[in-house]
Amino acid sequence: MTLYFASTTAPVNIATLKYWGKRDKDLNLPTNSSISVTLAQDDLRTLTSVCTGPELTDDKLVLNGKEESLASERTQNCLKDLRQLRKELENSDAKLPKFSEWKLTIVSENNFPTAAGLASSAAGFAALVVAIAKLYQLPQSLSEISKIARKGSGSACRSLFGGYVAWEMGNETDGSDSKAVEVAPMAHWPDMKAAILVVSASKKDTPSTSGMQLTVKTSDLFKERVRDVVPRRFEEMKKSIREKNWPLFAELTMKDSNSFHATCLDTFPPIFYMNDTSKKIIKLCHQINAFYNETVVAYTFDAGPNAVLYYLKENEHKLFAFIYRTFNKVSGWETKFSSDELAQFIKHFDT
Ligand code: DP6
């Protein structure tokens, strides 16, 4: 059997300026631009391998060892766009094998538990689209390809790049300018670190897609957010990243998380993603910053109760001293630590 293969990995990204609201549901066009920080590939990522060949009889997806359906409209839209681009290539060069007409087998695996309460759809769709684009040898840039990933899941378009990424909402009705672009590579700000505090591993109450549609329909606060607040923050946050202005980046990140959750509360009926533990974390972060009289930590929460904390490496011990003291005794807690320095500190703290 003749088969052609390609593989890729895509990292999880966490929005520091949130995407929340669609102006076109089918094309997945957002009501505001957003920014994310991509987590390091070794930490949280999806690995996807794809193959195609003339003898394959069906499109097939195996996700974390289990066969899953490829029938969703979003997935079908991605496959259709990728095959169309491949077809254009084949039309221009008759010698190319007819990949666009053959079926695909897709095997995908996350290196983090799907039940960890972390958005896996972003890395999942990004890896799927990039792996197929690689297999098809598409000449388009990553930004161009990000428009296809966007149709799978909005936030997925940002997982095509590492480091600091903006999703420019665009103005066109056909989505041709709604794409991800790099703001800065990871290496630009190597001191920035992230930790995820897993508050709950259960599935979220209200899926993002339906939640944001209800917000667009019912929230007054949302109107102000997309008209004035986010466009201003979008420019400020990009600048804070380029200039490595940590206090400004941290403040904007925390304010935008709060604004997003306030908008959820203003949705009718209201949507609650954070729980009491999440709120305790927010309070604690502000107490830590006040205690040291400097910005040690910034928090952000997506559509769930888990916290993502950003901090500078030099402040790691200051942050985790507090985190451990406050939450050490709480059962069901998992914290993701990242350095030996920290392990030593905790040991010291415990004894
Ligand atoms: C709160 O990208 O999951 O994480 O486009 O409907 O698939 P769909 O939504 P999705 O929404 C993510 C929402 C968010 C904020 C963000 O990642 O920007």
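The model is predicted, so local features need pLDDT of at least 70 and side-chain atom pairs count only at pLDDT 80 or more, while totals for chains, interfaces and linings use all residues. Residues are numbered from 1 along each chain as its sequence is written.

I start with the overall picture. The protein has nine helices and 15 strands; these are DSSP runs, H or I of at least four residues for helices and E of at least two for strands, numbered from the N terminus. Of its 351 residues, 41% count as buried. Buried means that 20 or more other C-beta atoms lie within 10 Å of the residue's own, exposed means 12 or fewer, and partly exposed is in between, with C-beta atoms placed from the backbone. Among contacts with a separation of 6 or more, 71% are between residues 24 or more positions apart. A contact here is two C-beta atoms, placed from the backbone, within 7 Å.

Next, the helix pairs. Two packed helices are described by the angle between their axes and the distance between the axes. Axes are lines fitted to C-alpha atoms, for helices over the stretch in contact, and angles run from 0 to 180 degrees between N-to-C directions.

Helix α1, residues 73-92, packs on helix α3, residues 142-152, at about 160° with the axes 7 Å apart. The two are therefore roughly antiparallel; that label needs an angle over 145 degrees, under 35 is roughly parallel, 65 to 115 roughly perpendicular, and the rest oblique. From α1, R74, T75, N77, C78, D81 and L82 meet I148, K151 and G152 in α3. By class, that contact has three nonpolar, three polar and three charged residues. Ala, Val, Leu, Ile, Met, Phe, Trp, Tyr, Cys and Pro count as nonpolar, Asp, Glu, Lys and Arg as charged, and the others, Gly among them, as polar.

E73 is also in α1. Is E73 buried or exposed? E73 is exposed, because 9 other C-beta atoms lie within 10 Å.

The other pair is α7, residues 276-292, and α8, residues 316-327, whose axes come within 10 Å and cross at roughly 135°. α7 and α8 are therefore oblique to each other. L284, I288 and Y292 in α7 meet K318, L319, F322 and T326 in α8. This contact has five nonpolar, one polar and one charged residues.

Now helix α6, residues 246-265, which holds T263. T263 is buried because 25 other C-beta atoms lie within 10 Å. Leaving out residues up to four places away in sequence, T263 touches W20, T215, S219, L221, F222 and R225.

Around the ligand there are 15 residues, of which A15, Y19, S153, G154 and S155 come nearest; near means a C-beta atom, placed from the backbone, within 6 Å. The shell has five nonpolar, eight polar and two charged residues.

Last, the backbone. Most residues other than glycine have a negative phi, and most peptide bonds are trans. N28, in the loop between β3 and β4, has a positive phi of about 55°. N28 counts as buried, with 24 C-beta neighbours inside 10 Å. Q137, in the loop between α2 and α3, also has a positive phi of about 55°. Q137 counts as exposed, with 12 C-beta neighbours inside 10 Å. Finally, a cis peptide bond joins F268 and P269, with omega about -5°; P269 is in the loop between α6 and α7.
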